Amino acid sequence: MPSHSVTIACNVLPTESAEKIKAAIRKVFENVEFHEQDGRIMAEGGEDAVNAFIRVVVREKIAARTYFLFKSRKKGDSIVFPLERDPLTVGRISYGEDSAVPPIWVEIRGDVDEILERIRSIADGN
């Protein structure tokens, strides 16, 4: 299986708890390592984190939406996309930048064509 990695970045607002943001990220991504610096949380993970995210996509039945979003945001060997914070607190995925609270940014790197194919197959019901 191809090797993928994920990087997650999020600014922590003064009214937010960094621990709650980390807990929310852990509900969607597995085995990520956190680093905090200058009011910013960074997390990095590998294949396990990417697979955990895809399992949530399957559970939430948003494979078709994810496929089209990822296809439009693919640049070379990476896909960068925003996740809304509030849904993550309950282990749900919502893509977007329109909330009053800045999104959590995610970058998946590696053979992203393989990820696109996996998600397309899920969307097609294969």
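**View 1. Glu114 meets His4.** The side chain of Glu114 makes a polar contact with the side chain of His4, at 3.4 Å. A polar contact here is a pair of N or O atoms within 3.5 Å; within protein, one must be able to donate a hydrogen and the other to accept it, and residues adjacent in sequence count only if both atoms are side-chain atoms. This is a predicted model, where local features need pLDDT of at least 70 and side-chain atom pairs count only at pLDDT 80 or more, while totals for chains, interfaces and linings use all residues. Residues are numbered from 1 along each chain as its sequence is written, and side-chain values use heavy atoms, with hydrogens and water left out. You'll find Glu114 in helix H5; helices (H or I, at least four residues) and strands (E, at least two) are DSSP runs, numbered from the N terminus. Glu114 has 18% relative accessibility, so it counts as buried (under 20% relative accessible area; exposed is over 50%, partly exposed in between, with a 1.4 Å probe and protein chains only).

**View 2. Phe53 between two rings.** Searching the whole structure turns up seven aromatic pairs: rings of Phe, Tyr and Trp (its six-membered ring) whose centres lie within 6.5 Å, called stacked with planes under 30 degrees apart, edge-to-face over 60 and tilted for the rest. Phe29 and Phe53 are stacked, because their ring centres are 5.3 Å apart and their planes sit at 10 degrees. This pair ties together distant parts of the chain, 24 residues apart: Phe29 is in the loop between helix H1 (18-26) and strand E2 (33-37), and Phe53 is in helix H2 (residues 47-60). Phe53 is buried, with a relative accessible area of 1%. Phe53 also stacks with Phe70, with ring centres 6.2 Å apart and planes at 10 degrees.

**View 3. The aromatic cluster in the core.** Phe29, Phe53, Phe70, Phe81 and Tyr95 form one aromatic cluster. Those five also touch the most other members of the largest nonpolar core, which has 37 residues. Such a core is a set of buried Ala, Val, Leu, Ile, Met, Phe, Trp, Tyr and Cys residues joined through side-chain atoms within 4.5 Å. H2 gives the largest share of this core, six residues. Leaving out residues up to four places away in sequence, Phe53 touches Val28, Phe29, Phe70, Phe81, Leu83, Ile93 and Tyr95 (contact means heavy atoms within 4.5 Å).

View 4. Six strands make an open sheet with antiparallel pairing, in the order E2-E3-E1-E6-E5-E4; two strands pair if DSSP finds at least two bridges between them. At the edges are E2 and strand E4 (74-75), each pairing on one side only. E1 and E6 are joined by six bridges in the antiparallel sense, and Val6 stands opposite Ile108 in E6. H3 packs on the sheet, touching E4, E5 and E6, and its direction makes about 125 degrees with that of E5. H5 lies across E1, E4, E5 and E6 and runs at about 110 degrees to E6. For these angles, axes are lines fitted to C-alpha atoms, for helices over the stretch in contact, and angles run from 0 to 180 degrees between N-to-C directions.
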